Amino acid sequence: MTTVHEPVTSTAELAVWPASSTEPRPGDLAVGGVPLAEVADRFGTPVYVLDEAEVRDRCRTYRDAFPDADIVYAAKAFLCRAMAHWTAEEGLGLDVCSAGELELAVTTGFPAERIVLHGNAKSPRDLDTALRLGVGRIVIDSPSEIARLAAAVGPDGHQKVMVRVVPGINAGGHEKIRTGTDDQKFGLSIADGYAQHAITRILDQPQHELTGLHCHLGSQITSVKPYLVAVRRMVGLMARLHEQHGLVLPELDLGGGHGIAYRPGEPALNLTALARRVRAELADACTTAGLPVPRLIIEPGRAIAGPAGIAVYRVLSVKHTAGHVFVAVDGGMSDNPRPALYGVRYTPRLIGRISTANPTRITVVGRHCEAGDILAADAELPADVRPGDLLAVPVAGAYHLSMASGYNLVGRPPVVAVRAGSARLLVRRESLEDIRSRDVGL
């Protein structure tokens, strides 16, 4: 009698999945104690699954690594009411980029004084909302914001501000997510003197209380070294400000951009090494400059939300053409534009059934009318993938749904939280009625 050995997922294959991921039966996969196939059956597909315990654990990991710093979650990675609630409960602050993100967080109960408002082009509504709700910090990103903010605050008002500084450091993954160089839209450059000039203007505005400097080098940074260079350059600027104005700034925000692995074997930033070496570098630089050590602010977004999320799709068609196998699913670039924007690569997995077929190279594509609507090029999947199958994509918690669009009027997927064997809806699916109700004219 011949025994068929069914494939079982190895630990290495689950390296980029949430820590709660298990394989209760061969071919199945559960996260937070809930089989993903059951989530798909109950809530439909496409669907985003968010592991609450993974989010909370990652918040605590940051707090443990930087016990003397403020950890501020970058809401642009992914925000909903539950995410704001979880991060608040875990003692994090919140970094928002718009009045919409700000109001959602505050109306959920997030303390406004723990919120930082960013943005290279803040609208009047953004500033008015921030002042009305009482945000803790507003990060000034351009010279024109200094006078605009002062006027909005009023002659008797007061607002704590920081200045976003460009340290001139080339770091990060794709060129479109590098923000520490002098040739992009964010911040004020040290090299050309714009940062120093803006700070002088801020000090002339009695409504503004300058609490510190801010920088953000980019995204998907996997090396500690760029952050150490940033510390030296930022402390150097602090030393010059002290010499010129007698100014001692109590805060230094190093932003985020901490790289994570999207596929097994990819590099990720070592958070323990980052914390140890940044603290040492900061202490040494401040001692040399004769300055007290400022309080650090760290702004992780992707590194908290990304690995906690999974996207689940259903296969609609399989096409063999010109030597390629195209597997089309019921989502695509409207719920995840990142492959089209940055060429990001994922490792999708067949779930819900066991397959003994040999793996083959397959291109997983979306349903949208664009040749670039590719979710995973040359993915290894069983050769017998067929319509009706479920595919799960790990590391889908950041910059997927937050960047989703209304392309082809497909409607954005729901978000489902899993924890301790139960699943609950956080964000419902966008319906045709939602889309239709916005279209008010003929």
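1. A quick word before the helix pairs: the axes here are lines fitted to C-alpha atoms, for helices over the stretch in contact, and the angles run from 0 to 180 degrees between N-to-C directions. With that in hand, look at helix α8 (residues 225–245) and α9, whose axes come within 9 Å and cross at roughly 25 degrees. Angles under 35 degrees count as roughly parallel, so α8 is roughly parallel to α9. The crossing of α8 past α9 is right-handed. Keep in mind throughout that this is a predicted model.

2. Which residues make the α8 and α9 contact? From α8 you have Tyr 227, Leu 228, Val 231, Arg 232, Val 235 and Ala 239. Facing them from α9 are Leu 274, Arg 277, Val 278, Glu 281, Leu 282, Ala 285, Cys 286 and Ala 289. Sorted by class, the contact of α8 with α9 holds eleven nonpolar residues, three charged ones and no polar ones.

3. Helix α9 (residues 271–289) also has a partner in helix α2 (residues 52–65): their axes come within 9 Å and cross at roughly 30 degrees. That angle makes α2 roughly parallel to α9, and α2 passes α9 in a right-handed crossing. On the α2 side, Thr 61, Tyr 62 and Ala 65 do the touching, and they meet Leu 271, Ala 275 and Arg 279 in α9. The contact of α2 with α9 comes out as four nonpolar, one polar and one charged residues.

4. At what angle do helix α3 (residues 81–89) and helix α4 (residues 99–108) pack? The angle is about 65 degrees, and the axes of α3 and α4 are 9 Å apart. The crossing of α3 and α4 is right-handed. Arg 81, Ala 84 and His 85 of α3 make the contact with Leu 104, Ala 105, Thr 107 and Thr 108 of α4. By class, the α3 and α4 contact has three nonpolar, three polar and one charged residues.

5. Two spots in the backbone are worth a look on your screen. Most residues other than glycine have a negative phi, and most peptide bonds are trans. Thr 45 and Pro 46, however, are joined by a cis peptide bond, with omega about -10 degrees. Pro 46 sits in the loop between α1 (36–43) and β3 (47–51). The other spot is Asn 408, which is not a glycine but has a positive phi of about 60 degrees. You'll find Asn 408 in the loop between β18 (390–393) and β19 (415–419).

6. As for the overall build, the protein has twelve helices and 20 strands. Its radius of gyration is 23 Å, close to the 22 Å that the globule rule gives for 442 residues, so the protein is as compact as a globular protein of that length. Along its principal axes, the C-alpha trace spans about 85 × 55 × 45 Å.

7. How far does the predictor's confidence go? Mean pLDDT for the protein is 92, and 93% of its residues reach 70 or more. Residues 1–8 have pLDDT below 50, and beyond near neighbours in sequence this stretch has ten contacts in the model. The pLDDT is also below 50 over residues 174–181, a stretch with 31 contacts in the model beyond near neighbours in sequence.

How values were computed:
Residues numbered from 1 in each chain as written. Predicted model: local features only at pLDDT ≥ 70, side-chain atom pairs only at ≥ 80, totals over all residues. Heavy atoms only, no water. Helix = DSSP H or I, 4+ residues; strand = E, 2+ residues; numbered from the N terminus. Left-handed = near helix turned anticlockwise from the far one by under 90°. Contact = heavy atoms within 4.5 Å. Nonpolar A, V, L, I, M, F, W, Y, C, P; charged D, E, K, R; others polar. Parallel < 35°, antiparallel > 145°, perpendicular 65-115°, else oblique. pLDDT = per-residue confidence, 0-100. Rg over C-alpha atoms; globule rule 2.2 N^0.38 Å.
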